[in-house]
Every structure is written in structure tokens, then in C-alpha cells.
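This report describes a single protein chain for a reader who has the sequence and the coordinates to hand.

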Amino acid sequence: MPIQSEPIGSIPRPQELIDGVAKFQAGRIGQAELDELYEQALSDTIRRFEKTGSTVITDGEQTKPSFVTYPLAGFEKLAPGGVTIPFEDGHTRQLPVLTGGPFRYGTYAADYLARAQRHTDLPIKQAVIAPSALSLLYPADGVPGYVRKEFIDDLVAESAADIRRALDGGAASVQLDFTEGRLSLKLDPSKGLLRSFIDLNNRVLAQFSDAERQRIGVHTCPGGDQDSVHSLDVDYLELLPDLFRLAAGNFYLQLASETDQRRVLDIISRNLQADQRVFIGVTDPINPVVETPEQVRDRILVAAEYLPLDRMGTCDDCGFSPFGDDTSTSRDTAFAKIAARVEGTHLAAEALGV
């Protein structure tokens with residue numbers, strides 16, 4: 001495809017899988033039965049991805065508990081009661097809190113990648129959580145015998161290993177999920193927290209070569225859990241100039257749900273660096289209405305007025321189900337939107353003569 005198009009990550013899990021996870025947690029089924037449900041969901045997800053015409057796919061995060069907490073599976077030095085993320089509809093998500101060190105990932109994203117590769121020959125994009133999100137695990141009052149600097153050093157090493165394993169495992173690209181970027185500006189309008197997040201993420205990105213960073217991207221959005229957001233009211237002008245300081249080659253930006261897309265595109269065009277590519281969101285996972293390919297095409301044609309075609313791609317605004325229990329969007333709707341994105345991108349390429 002002359003204009004690249006990629007998904008962000010998650011696809012709603014089948015109800016059978018969601019029910020199976022609940023039964024497993026209640027001790028009503030065993031690991032083997034749960035693994036079979038995971039395998040069925042993964043196989044079906046990849047098959048449906050292939051039918052959309054996508055040239056790059058994901059595993060739909062079918063076997064992840066959530067996009068942010070997967071590294072914690074198998075790591076035991078945690079307790080409930082960490083940072084709480086409020087959404088506009090009133091629901092919340094809460095992280096655990098670190099109780100001891102050293103910090104180590106219990107699970108690496110490459111494990112999910114290897115599982116997906118058994119089902120397809122298509123290039124697979126692997127999402128990983130940004131270290132800035134996991135930095136929120138450290139409690140404000142500290143951890144006895146494990147100072148914050150030690151934790152951050154361990155976190156940087158583990159995050160870099162997570163990316164490295166995915167690249168070495170054959171991921172077509174690796175995407176850092178950085179939804180806390182926009183949220184940080186609600187918590188700290190001075191931008192001090194945002195800039196500390198970017199500096200931390202850049203410590204990790206600095207461990208990769210220029211060529212490797214062209215396979216590494218950053219995704220940002222205002223949240224998309226249970227058809228609700230946590231920071232859409234934060235002006236993109238407050239985020240984007242700092243965001244493009246990240247030493248990544250690709251940026252996946254929510255745009256379809258923005259009310260003034262031309263203004264945002266102008267901000268992007270003035271801040272995008274010469275060695276960076278931007279993928280603009282052309283489908284809105286929170287909106288239940290499926291975009292037509294023609295609507296997608298027209299959004300891309302507007303973007304082409306602001307962005308160079310050789311450094312522009314398309315994506316969905318965000319994942320369709322970032323947490324495993326989110327059923328606000330159906331699988332059918334998610335794949336219909338993905339198919340519209342793929343076809344609409346083709347239509348735009350034809351209209352632009354590329």
C-alpha cells in the first residue's frame with residue numbers, strides 16, 4: 001500500500017474468553033482449558049484481521065490482561081491501591097503499587113508475539129507499555145530498602161529488554177503505548193510530569209540504533225476504555241511539541257475524534273521532525289458508527305494538505321479494548337472499522353496518485 005496503514009493493538013475479546021477468565025479466577029476451570037480459549041480467540045482474531053486486507057496486524061491483545069499490566073504477570077512484589085485513573089463516565093482503573101525490589105518484568109511482550117506468529121505469515125506489530133506508565137507503580141512514600149533511583153534504573157533496563165526481545169523476535173515494528181502523556185497534563189499543567197515521562201522514555205529509546213528506532217513508534221490517545229476517555233479535554237497544543245521530542249521513528253496519533261482536525265494537523269506539521277513518520281487516526285473506536293471508506297478517504301485527503309505523503313500513514317485512534325474485560329465495542333464493529341480504514345486508505349492513495 002503506497003500509504004501505510006496499521007492497527008493500534010487491542011480487539012474486543014470473545015465473550016467465551018471473558019467468561020473463561022472469570023471462571024479460571026474463580027477456580028472453576030484449569031489452566032489448560034483457559035489456554036484453549038486463548039488459542040481459539042487468537043486464531044479467530046488473526047483470521048479476521050487477514051480478511052480485512054490489512055498488511056500489518058496485531059494479535060489483538062487477546063491473551064493480555066490489559067495493555068498496561070501485562071509485564072506484571074508473574075511479578076509478586078505488588079499490592080492493591082496504586083494510582084487511580086478516572087474516566088469521564090465515572091469509572092476508574094487502578095494500578096497496583098510496588099512493595100519491594102528489584103523490579104523485574106514477569107512477562108515480556110515477545111511471548112505474545114511468538115504465540116501470534118504461529119497463526120500467520122503477515123507482519124505483526126507488537127505493542128509494549130511505555131516505561132513512563134510503569135513508573136507510576138512506585139509509591140510516593142517510597143519502598144524500604146529500594147530507592148526510586150534504583151527502581152527507575154531497573155525499569156529502564158526491563159523496558160529496553162521488552163523492546164529488544166520483540167525486535168529480535170521478528171516484530172515488524174514495536175509500539176510504545178503512551179496514553180499517560182496527555183493525562184499527565186491534567187495532573188500537572190506545568191508540563192513537569194510530561195517532560196519527566198519523555199525523558200524517562202528517551203532513556204530507553206537511546207539504547208537502540210537509528211535504524212532500530214525507525215521500527216519503534218509511540219502511540220498516544222486520550223484513553224478509550226468502556227467507550228470513555230480520560231483526557232480528551234487536554235489541548236493537543238499542550239502535548240504535541242513535547243511529544244515529538246521522543247527519539248522514535250513513528251508516531252500513532254488519535255485524530256478522528258478531534259473536533260478541529262485541521263488545527264491539530266497544523267500543529268503536527270509544525271512539530272514533526274525530519275526523521276519521523278506520523279500515522280493519523282482515521283477511525284474512532286469509541287464511536288459505535290462504522291466509518292465508510294469514503295469518510296476515511298476524505299480524512300486522509302485533508303491530512304495530505306498538511307503532511308508529506310512519504311511521512312504519513314493511517315491508523316485507528318486507539319485500541320478497541322485496552323483492558324481485557326471491556327465489551328463496550330463488539331468484535332464485528334472493530335473489524336468493520338479496520339476494514340474501512342484499509343479500504344479508505346487505498347481510496348486516498350488512488351486519489352492522490354501514489
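In which sense do strand β7 and strand β8 pair, and over how many bridges? Strand β7 (residues 173-177) and strand β8 (residues 216-220) pair in the parallel sense, over 4 bridges.

The model is predicted, so local features require pLDDT of at least 70 and side-chain atom pairs count only at pLDDT 80 or more, whereas totals for chains, interfaces and linings use all residues. Residues are numbered from 1 along each chain as its sequence is written, and side-chain values use heavy atoms, with hydrogens and water left out.

**The sheet**

Helices (H or I, at least four residues) and strands (E, at least two) are DSSP runs numbered from the N terminus; two strands pair if DSSP finds at least two bridges between them. An open sheet of 7 strands runs in the order β1-β11-β10-β9-β8-β7-β6, with parallel pairing. The edges are held by β1 (5-6) and β6 (125-129); each has a single partner strand, so one side of each is left without a neighbour in the sheet.

Within the sheet, Val174 stands opposite Ile216 in β8. Strands β8 and β9 also pair in the parallel sense over 4 bridges, and here Gly217 stands opposite Asn250 in β9.

Burial is expressed as relative accessible area: buried is under 20%, exposed is over 50%, and partly exposed is in between (1.4 Å probe, protein chains only). Strand β9 (residues 250-253) is covered on both faces, with Asn250 and Tyr252 buried on one side and Phe251 and Leu253 buried on the other.

**Salt bridges**

A salt bridge is a side-chain nitrogen of Lys or Arg within 4 Å of a carboxyl oxygen of Asp or Glu. By this rule the count comes to 27 salt bridges. Three of these pairs are listed below.

| Pair | N to O distance |
|---|---|
| Arg104 and Asp154 | 3.6 Å |
| Arg262 and Glu305 | 2.9 Å |
| Arg341 and Asp316 | 2.9 Å |

Arg104 and Asp154 form a salt bridge. This pair links distant parts of the chain, 50 residues apart: Arg104 is in the loop between β5 (97-98) and α3 (109-117), and Asp154 is in helix α5 (residues 148-168). Arg104 counts as partly exposed at 38% relative accessibility, whereas Asp154 counts as buried at 17%.

Arg262 forms a salt bridge with Glu305. The two lie 43 residues apart, Arg262 in helix α10 (residues 261-271) and Glu305 in the loop between α11 (293-303) and β11 (312-316). Arg262 is partly exposed at 38% relative accessibility, and Glu305 is exposed at 53%.

The side chains of Arg341 and Asp316 also meet in a salt bridge. Arg341 belongs to helix α12 (residues 331-352) and Asp316 to strand β11, so the pair ties together parts that are 25 residues apart in sequence. Both Arg341 and Asp316 are buried. Elsewhere, Arg195, Asp199, Asp242 and Arg245 are linked in a network of salt bridges.

**An enclosed helix**

Helix α6 (residues 180-187) has 6 of its 8 residues buried, so the helix is largely enclosed by the rest of the structure. Those buried residues are Glu180, Gly181, Arg182, Leu183, Ser184 and Leu185. They pack against β3 (84-86), α4 (131-134), β7, α7 (192-205), β8 and α9 (236-243), where contact means heavy atoms within 4.5 Å.

**Backbone geometry**

Most residues other than glycine have a negative phi, and most peptide bonds are trans. A cis peptide bond joins Gly101 and Pro102, with omega about 0 degrees; Pro102 lies in the loop between β5 and α3.

Glu61, although not a glycine, has a positive phi of about 55 degrees. Glu61 is found in the loop between α2 and β2 and is buried, with a relative accessible area of 4%. Asp227 likewise has a positive phi, near 55 degrees. Asp227 is in the loop between β8 and α9 and counts as partly exposed at 31% relative accessibility.

Gly60 is found in the loop between α2 (31-51) and β2 (78-79) and is buried, with a relative accessible area of 0%. Leaving aside neighbours within four places in sequence, Gly60 is in contact with Gly9, Ser10, Ile11 and Thr45.

**The cavity**

On a 1 Å grid over the protein atoms alone, a cavity is a set of points where a 1.4 Å probe fits but cannot get out, and lining residues have an atom within 4 Å of a point. The count comes to 1 cavity of 30 Å³ or more, and the largest cavity has a volume of about 40 Å³, volume being the space filled by probe spheres set on the points. Its lining consists of Gly9, Thr58, Asp59, Glu61, Lys64, Lys125, Gln126 and Ala127.

Key. 1 Å grid on protein atoms, 1.4 Å probe; cavity = no way out; pocket = protein on both sides within 12 Å on 5 of 7 lines; lining within 4 Å.
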